[in-house]
Amino acid sequence: MDLSMKWLKEFVDIGEMPMRSFTEAITMSGSKVEGWETEGSEIDNVVTAQIVSLERHPDSDHLWICQVDIGTGDPVQIVTGAQNLKAGDVVPAALNNSRLPGGVKIKKGKLRGIESNGMLCSLGELGLTKHDFPSAIEDGIFVLTEADGCDLTLGRPIQKAIGLDDTVVEFEITSNRPDCFSVIGLAREASATFQKPLSLHTPVVKAGHGDCTHMLDIQIEETDLCSIYSARVVKNVRVKPSPRWMRERLRALGVRPINNIVDITNYVMLEYGQPMHAFDIRFIAGGKIRVRKAQAGETITTLDGVDRTLTSKQLVIADAEKPIAIAGVMGGEFSGIMDDTTTVVFESACFDGASVRTTARDQGMRTDASSRYEKGLDPNNCLPALERACELVELLDAGDVMDGVLMDNHSSSDRRRIHLDASWVNGFLNTQLSLEEMKAILTRLDCRFDGEDILVPTFRPDLEHKADIAEEIIRFYGYNNVEGTQLSGGAQGKYTPRQKFDQVIHRTMLALGASEIMTYSFISPKYYDKINLPKGDPLRKSVTISNPLGEDTSVMRTTALPSMMEILARNYNNRNEAACLFELASEYVPTEPDQLPLEKTTLVAGMYGNNADFFAAKGMAEQLLAALNVTGWDIKATAESPSYHPGRCAVLTLDNQTLGTIGEIHPKVMENYGINERFYCFTLDAGLMFRKANAEKMYTPLPKFPAVTRDLALVCDDSIPVLTLEKAIIRGAGSLLENIKLFDVYKGEQIEKNKKSVAFSILLRSKDSTLTEEQTTAAMKKVFKELETVGAALRS
């Protein structure tokens, strides 16, 4: 719902309040503001100017050299191609360094050698149409006239001169507040929020042009779908443009001005929130209006020119022969206002919201009227809105209002009663408000009192229970004024150890440059073929979904690798040069019949491009295990994993349990995915890591004694893993070893064939004393002995 601030100030005098203060306060009281915008804010340095003289351009047969007066005394020369100007016209002049809608900038320049210090503007260049200013033309310069209500003061900013300076606030109104889909409804909220008087106008209709009660016979046949139908007749209709103030307000709220009669119905709908319609009485056959359900197969051509077939569930307004409108949605083709219309019937009715919503949906049409009706309107608003429309008819001299109101009324004006229990409200809200303070707040909302019973206004259908009353009190008392209290029960929310563990995984993987993905746990059985699982592999035994969406989602995955491969392949096929992804994925291992499957969580990561290789994947896994403080794991090369390259794969173990697998994806698997690229993946059992992780961080004091460093260059068979050598050094050095670091691996002419040179830097330190040469030598002898057992010796 949009709200014109000029229109609002007609009902509530909020003064020159800054927009930020207004929007923040009214949002805190429950009317959420989405934003606001000032009309004409894209226009700058465009002023009213009067044409002093025009002369032909010497080098053009269509350009004019204009001297214009902008109120400063000195004329300004502007060259224009418009042909609709004459001396004395007042027009918008965009001067040098001005700005127009759409980011258009105007600077002085020359047109065929003649200096032009700006530009004269048309309606379109100001973001306007002929509907905004009916006296103007669309293919020429916009000439301001008093007939259009323009201010002809020279040098005045064009926004002020033509009323393009309103501020419009956009509200997000919930569907339980139909009263706020109107200017008056939002004015009530502003009045209560800022504690300013609400000045509501009571419509006054003079009428006196004959009795209309004999002209139409109105009857509601479906009283459960229409509670009230009221109408008044206006004769001698004079169709013409609406005055500027009405056009301004309609335009500000996004409604296009058309003519005075149509504009009045739209104006009242926006002001009161009550949709209205004006029928040409000539097309009401038999002088009868019946609110009934349509007959199955009945047709109507609506105002938008579409032929529509009705059903027996849809409510219509009909004359003696046919439907003339779809109730609450749109009028019929011949129900609108035409150039030769002389007598109209203004309709104001209240239809059932659910019925209107269903009809609008089934007919594929949603209008401003239906969007309001479907929220549930107040039937007691119909007559005031009808009177307001007739008052505007007289104010705008749009016709002669006849005496009498045509009506069939089955509504009630009784107010709902809710007992005000002050002690319960204070206990519910944790406040200390007195009964008088509560009544003062509710009185601002038009509630009345009978003792301690609240008489709720009929335009507030959302107030049904004492909790609703408490909400009204607290939103105007102020949520910020309520003291915070601890949750009852004493329990405080916190992360579980497993949640903290998962957070470390997320943070570490993100820090290592991986992006998180989320995939479905149900996959196609064909995925197992794509990752090269052999027939009979235990992982092929999956839990089958009894009612799958399709074959592609028919089983619960036993491994997350195919899900990762699908995402990596999609990124590759979308020409992403590199990707590094991870997921904490659920896997489902079948158990005994009639038992739920075992759900386990596995970290799966995959990468390609950007220099990705086996060692990058291994390094990422090692960094993660270190961050989780998982120690004592081992890694060995393997050729038994069918999804990985047999010569570039390793398995991780921890306490004789499989921790995970790291490796390059098998070439056949890559072929199955149609990819000519090397992919690298690793999986880690998150449950095993959680059980073996040491969450406690132990403080280690700075060493008191100096360290001894030794560099070892070893020669061994090329087939011996470096990790085997490292473990031998660790065993030999024992408790004296503080750190070990690999710094070189060499294969070449200086080394025997099928041999390699591996160099380590080791750091020895004692916690109790300074190491002696004897202690160091003894430790190194043990290291050499352990190295000999694995087939390594010092390089000579």
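Trainee: What volume does the largest pocket have?

Mentor: General idea first. On a 1 Å grid over the protein atoms alone, a pocket is an open set of points with protein on both sides within 12 Å along at least five of seven lines, where a cavity is a set of points where a 1.4 Å probe fits but cannot get out. Lining residues have an atom within 4 Å of a point. Grid points are joined across faces, edges and corners, and a volume is the space filled by probe spheres set on the points. Here the largest pocket has a volume of about 1200 Å³. Of the 31 residues that line the largest pocket, Phe 615, Lys 618, Ile 635, Val 722 and Leu 723 are the closest to its centre.

Trainee: What kind of model is this, and how are residues numbered?

Mentor: This is a predicted model: local features need pLDDT of at least 70, side-chain atom pairs count only at pLDDT 80 or more, and totals for chains, interfaces and linings use all residues. Residues are numbered from 1 along each chain as its sequence is written, and side-chain values use heavy atoms, with hydrogens and water left out.

Trainee: Which elements each supply at least two residues of the lining of the largest pocket?

Mentor: Elements are DSSP runs numbered from the N terminus: helices are H or I, at least four residues, and strands are E, at least two. The suppliers are helix H16 (614-627), strand E33 (633-637), strand E34 (644-654), helix H19 (722-733) and strand E38 (737-746). H19 gives the most, with six residues.

Trainee: How do the residues of that lining divide into nonpolar, polar and charged?

Mentor: Ala, Val, Leu, Ile, Met, Phe, Trp, Tyr, Cys and Pro count as nonpolar, Asp, Glu, Lys and Arg as charged, and the others, Gly among them, as polar. The lining of the largest pocket has 15 nonpolar, five polar and 11 charged residues.

Trainee: Which residues lie nearest the centre of the second largest pocket?

Mentor: That pocket holds about 820 Å³ of space. Its lining has 35 residues, and Asp 378, Asn 380, Asn 381, Thr 458 and Phe 459 lie nearest its centre. Helix H4 (183-194) and strand E21 (344-351) are the elements that give two or more residues to this lining. H4 has the largest share, three residues. The lining divides into 13 nonpolar, 13 polar and nine charged residues.

Trainee: Is H4 enclosed or open, and what makes a residue buried?

Mentor: Buried means under 20% relative accessible area, exposed over 50%, partly exposed in between (1.4 Å probe, protein chains only). In H4, 11 of the 12 residues are buried, so the helix is largely enclosed by the rest of the structure. Among them are Val 183, Leu 186, Glu 189 and Phe 194. The expected span of a helix is 1.5 Å times one less than its number of residues. H4 should span 16 Å, and its end C-alpha atoms are 16 Å apart, which agrees.

Trainee: Where is Ala 207 found?

Mentor: Ala 207 sits in the loop between H4 and E12. Its phi is near 55°, a positive value in a residue other than glycine. Ala 207 is buried, with a relative accessible area of 14%. In strand E12 (residues 217-220), Ile 218 and Ile 220 form a covered face, while Asp 217 and Gln 219 form an uncovered one.

Trainee: How many bridges join E34 to E35?

Mentor: Two strands pair if DSSP finds at least two bridges between them. Seven bridges join E34 to E35, and the two run antiparallel. Cys 649 has Gly 663 in E35 as its bridge partner. E34 and E35 form a hairpin with two residues between them, and Asp 655 in the turn has a positive phi of about 55°. Seven of the nine residues of E35 (residues 657-665) are buried, so this strand is largely enclosed by the rest of the structure. E35 also pairs with strand E36 (residues 680-685) in the antiparallel sense, over five bridges.

Trainee: In what order do the four strands of the open sheet with E38 stand?

Mentor: The order is E38-E39-E37-E40, with antiparallel pairing. E38 and strand E40 (793-794) stand at the edges, each with a single partner strand, so one side of each is left without a neighbour in the sheet. Strand E37 (residues 708-717) and strand E39 (residues 755-764) pair over 10 bridges. Leu 714 stands opposite Val 758 in E39.
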